[in-house]
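Hello,

Here is the structure I promised to hand over. Please open it first; my notes follow.

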Amino acid sequence: MFSTLRPGLSHCCSSASQAFSVAHDKLRRLRVASAGPVVSGGGGGGVVPVTTKFSSVSSLRREYPSPRRTANRSGAGTCASPTVSRRKRRALIVLAYCFRSVSVICINCFRLWPPPRISTSTALIHWKALVQSGCGSVKLQTQRKSSSSNSQGSGVSAETCSSGGSSSSSRQGARTWEESEALRKARREQQLVSKRLLRDDAPEEADGGCVAPILGETEIQQFLRLSQRGTEEKERERALVTLRRGLQHPETQQTFIGLEGSMRTLVGLLTSNQALLQLEAARCLHELSHSEQSVVAEACLPATSYLLTYVSGHSSDLIELCLYTLGNLIVESEAVRRQLLPQGIVPALAACIQSPHLTVLEALGYALSQLLQAKEAPEKIIPSVLGSTLPQHMLQLLQPGPKLNPGVAVEFAWCLHYIICSQVNNALLITHGALSTLGLLLLDLAGAVQRSEDAGLELLVCPVLRCLSNLLTEAVVEAVGGQMQLRDERVVAALFILLQFFLQKQPSLLPEGLWLLNNLTANSPIFCTSLLSLDLIEPLLQLLPVSNVVSVLVLTVLCNVAEKGPAYCQHLWPGPLLPSLLETLAFSDTEVVGQSLELLQLLFLYRPEAAQDFLQQSGLQALERHEEEAQLQDRVHALQQTALHG
Amino acid sequence: MQLPPALHARLSAGPAATEPLPVQRDPAAGAAPFRFAARRVRFPREHEFFEDGDVQRHLYLQDVLTQVAGPPERPRVPEFTCQVAGCCQVFDVLEAYEHHYHALHRNVCSFCKRAFPSGHLLDTHILEWHDSLFQILAERQDMYQCLVEGCTEKFKTSKDRKDHLVRRHLYPADFRFDKPKKSSGCGHRSPSTSRSPGPPAALQELAGALGEGSLPLEGEDMEVCSEHTAPPAEPRGERRTHGHRIPSTICFGQGAARGFKSTKKRNKQQ
């Protein structure tokens, strides 16, 4: 099911070209030209919804990469415009409506909706999902006159898709997109590392009016000396504050670590008995730890034993700073972690997690998540974390209720995810009640979505979904009759509410939600029955147009239901399922079509009347177009036989 | 995506599991050339499936996305002074007072007024410095406990412990919270508190590193280093605050000299 998906190439060039000319004529007559969002292959300033260039795949569709896919990519790859202006969008909608009889092909992923079954709503869902996704959207561009009236609609060239969306209206969207692309690349190279910077005196600096200056060697020495030996308390604080501000600059940081004895002095100030000097020294260390240059961050190593000592202390401000600093240092390199682990970071964190301060807890979650993300974590770190009292406390902090703090919960949910997906000892977590806690948390999150208190909720929902999905694969859960099982039907209801939320806010997370649905329904008659009794088949089908990955997952879930036998298939037909399947048969992606064929087989087997209906709705023609496809041939023929001969 | 209206109501209702429909499989299902089999799927951490969610997570960490919870508010309150006797620091923000209290008054040894970063270190200090029974027992068994929380090893001498800290726990050799108590009295646990009558020799040893607190303290040092137990003649208020440690009225012998000690001068450096 999750095998490599091939990129689709539309087989429908010919029908597209026909559609093109038809549409072009209609357009000329109707003169629906707005901002001309879409290109006409025939040129002439017309506006046509049909554009196709068999080019890059939008980043919304995270297909599993295959060598062919990379080769197929023309241009730089993904469609880049963060937002499509409203005017263009409206024009799109109008056109889609007008040209219902025309083939509509999305220029992003060449999803094709063939006549006469083009459903504007499915097309719209698809476009809407793309447009609202932060990472990719339909990039549209006019092209006045296309010199080549290439009926394959090469009007939209790959350049439009890849020319970068920086000229868009939303700068935030562009920035997010660029950053996320950089992060994707880093992740693929297994270099995905982020640090956090706690800088909470912005108002002061704003008042100061000027940007902190870069400090030179003598200035740094001067400030250090003043902080150490100044006679006036205020003077010493001021000196250290100035030094700290200067350390916001990489140049100052470099100078600082180059000075002999500077770190020693800083550590001395950190361990002094002057409360405010302590804090400022900790802030200086924090600035240094956040540096992107390893040499600067590693200069903080002599201070780690003290940072850990203070983490076991009581001052929440200082503890928070120390934890964020440690978290930044942890991701720096394995060498740092090789020092921190014997220094007792895990017991220190285990003691600190009982703190009542939310800021401390969030910082602790951050530091722990950095520790658990390390490459060597499954062997060296996770066993000792599991051996401590940390898991129980983490689960306690994730319990839903009025005391649940979103910032804290996000961090610990991610910690739990890193532990669970490393598969070191998930059975232990299950005995601590992880399944029921996470299940209840899911219900709580769905409730929050219902009440529209959902700001930033996807950050918490994502790791919870992942944890649940991975935990469900554990053997101890499979044991029949175990009370570890999740049986509450409300989980399914909650999941669908969250899927709807994803569709609106973050469509790229839909596959993860559907993954959980698969794991819930795969071996569970209870949840399959819930899907049927709660009337959720139709909403599920509405997700089919979003992307190929999502389509495959939706079809898989439906197969999970159908394979349970005639009692289940009775509820699947008659109904909206068969028409949707006929639509998916027109998709170009082999995996999607393959899964549709599997579902059809199950449907025909347990509900023979569906086969008749299928024939009446020109199902055979739909099958025919795949007869030549190597991966599909056998199944196509088998189905044709079944449909014709029962 | 249109959800059935009953769904929202279902969420608020109680937990229930509907009676499942009967399962009845035909062996022909999933038979070749078909291959579907319902199964749960797990993904390991580095799988591409997680890419989008991971990217979102890191965007959040890098503050590109909006924070889940905003930074905490720090409201100002009317000015007040620290209630600990002898400390006249003034505050107008509660968190600043909290930090001050924890740094300077929380883990303070009631005998020698040294402040420690954590309760664990304070307990170890009191045990090793102010408990004469400890000295006796230390001659017979390993009593010096490792300073790292979670490590239960004990050692015969503080030097052995220090070696252990350096070798096993990669601590710095000059860890400031592990100054041994030398019989000539040149050493103290905490770098200094401004109230601590630290021996000048030790202060000088640290002066290079810390430099602070050394000048004003020299004048007030009247404690003789060779005393192993610090005679505790702190003022009443002090005792009340730190009285849960060994009360000053209990003396374990060893010639505790009780006299008038130079107590805390109002030290402006606080």
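**Notes on the model**

Chain A has 36 helices and two strands. Helices (H or I, at least four residues) and strands (E, at least two) are DSSP runs, numbered from the N terminus. This is a predicted model: local features need pLDDT of at least 70, side-chain atom pairs count only at pLDDT 80 or more, and totals for chains, interfaces and linings use all residues. Residues are numbered from 1 along each chain as its sequence is written, chains are lettered from A and ligands numbered from 1 in the order in which they are written, and side-chain values use heavy atoms, with hydrogens and water left out.

**Confidence**

The model scores ipTM 0.71 and pTM 0.72. pLDDT is the predictor's confidence in each residue, from 0 to 100. Chain A averages 75, with 70% of the residues at 70 or above. Chain B averages 70, and 63% of its residues score at least 70.

Some stretches need care. In chain A, residues 30–84 stay under 50 in pLDDT. They still have 187 contacts beyond four places in sequence in the model; a contact means heavy atoms within 4.5 Å. Residues 202–209 of chain A are also below 50. In chain B, pLDDT stays under 50 over residues 184–243 and over residues 261–270. Helix 8 (residues 214–220) of chain B has the lowest confidence in that chain, a mean of 29. Helix 6 (residues 158–167) of chain B has the highest, at 92. Where pLDDT is low, the predicted coordinates should not be read in detail.

**Chain A in outline**

Chain A has 646 residues, and 63% of them are buried. Buried means under 20% relative accessible area, exposed over 50%, partly exposed in between (1.4 Å probe, protein chains only). Of the contacts in chain A with a separation of 6 or more, 73% join residues 24 or more positions apart.

**The interface**

In all, 144 residues of chain A are in contact with 102 residues of chain B. The area buried between chain A and chain B is about 10800 Å², and carbon and sulfur atoms give 56% of that. Buried area is the accessible area (1.4 Å probe) that two parts lose on being put together, summed over both. A:Arg187, A:Asn273 and A:His314 supply 8% of the area that chain A buries against chain B, more than any other three residues.

The rule finds ten salt bridges across the interface of chain A and chain B. It asks for a side-chain nitrogen of Lys or Arg within 4 Å of a carboxyl oxygen of Asp or Glu. A:Glu563 forms a salt bridge with B:Arg25, with the closest N and O atoms 2.9 Å apart.

**Three places to look**

A:Ser315 sits in the loop between helix 14 (304–311) and helix 15 (316–330) of chain A. Its relative accessibility is 6%, so A:Ser315 counts as buried. Beyond its neighbours within four places in sequence, A:Ser315 is in contact with B:His99 and B:His102.

A:His432 lies in the loop between helix 22 (426–431) and helix 23 (434–450) of chain A. A:His432 is partly exposed, at a relative accessible area of 31%. Not counting residues up to four places away in sequence, A:His432 touches A:Pro391, A:Gln392 and A:Leu395.

Helix 2 (residues 51–61) of chain B is largely enclosed by the rest of the structure, because eleven of its eleven residues are buried. Among them are B:Arg57, B:His58 and B:Tyr60. Just after helix 2 of chain B, B:Asp63 takes a positive phi of about 70°.

Best wishes
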